Amino acid sequence: GRPNFRNIQKLTFQSKDYNRILFASDFHWRHQKSFVWEARGFSSHKEHADFIEKSVLELTDKDLLFHLGDFALNTTEEDVQNLLNSIKCETYLLAGNHPSGIKQAYQKAKTDFLSFHNFHTTAEILPLHIAPNVVFMGDQFLVSIDGKKFFCNHFAPLIWDGQQHGWGALFGHSHGGLKGAQPWECDNGKILDVSVDNALKYNNTAFFSFPEIVEIMNKKPIKLYDHHGEARQ
């Protein structure tokens, strides 16, 4: 069924406030399975991990990063937390289906938050800082940048809020494997896989910049799959 967007976290930014606004997904930092790093053109999982780490640590406090899930794998909670603590830029992070280290960082931050406020609940507390500059957003959020709106999830949606108004959908998970969701494809609506796999093919970096996403989305037509499409005919 259609996700409940009523309580979705909403973020608003102006690009003039940042040097760069970047989107990424599926870092898979330290993932040792060859199908990940070989497909990205690396000769070993260490070379791939070094590339991801270098890309993240080069960001400055004037940048803004959105990461849409699967940040790390095959590493320790301590190492993930240390990398998160080293991120200099304002960062908003989704869990993904491999939240290794991220889930533990969130649970610790939640426990500390509840202890500080002398409160108990089993409900999720979102958004929540899990490192000095990193905010955990759970599974999805809606972001507006200069009035351009994007629904962000780890998984590709078929229907999302504002779709009929030209709002875009950004996601990861598919590692460049979902037909119609690539930067150069225009047959599946305003949807884009922002995984490292696609970013490397598009601009040879780990990220898509906000201007690149705007340029890509401007070439993709609105495509609707429900009664909103019927109403437009």
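Two strands are said to pair if DSSP finds at least two bridges between them, and helices (H or I, at least four residues) and strands (E, at least two) are DSSP runs numbered from the N terminus. This is a predicted model, in which local features need pLDDT of at least 70 and side-chain atom pairs count only at pLDDT 80 or more, whereas totals for chains, interfaces and linings use all residues. Residues are numbered from 1 along each chain as its sequence is written, and side-chain values use heavy atoms, with hydrogens and water left out.

**View A. Strand E3 and its partners.** E3 and strand E4 (residues 90-93) pair in the parallel sense over four bridges, with His67 opposite Leu93 in E4. From E3 the chain passes through H3 to E4 in a right-handed β-α-β crossover (with the strands pointing away from the viewer, the path from the first strand over the helix to the second runs clockwise). E2 and E3 also run parallel, joined by five bridges, and Ile21 has Leu64 as its bridge partner in E3.

**View B. The two faces of E3.** Asp63, Leu65 and His67 point one way from E3 while Leu64 and Phe66 point the other way, and all are buried (under 20% relative accessible area, 1.4 Å probe, protein chains only).

**View C. The surroundings of Ile130.** Leaving aside neighbours within four places in sequence, Ile130 is in contact (heavy atoms within 4.5 Å) with Gln81, Leu84, Leu93, Ile102, Ala105, Tyr106, Ala109 and Phe136.

Notes
Buried means under 20% relative accessible area, exposed over 50%, partly exposed in between (1.4 Å probe, protein chains only).
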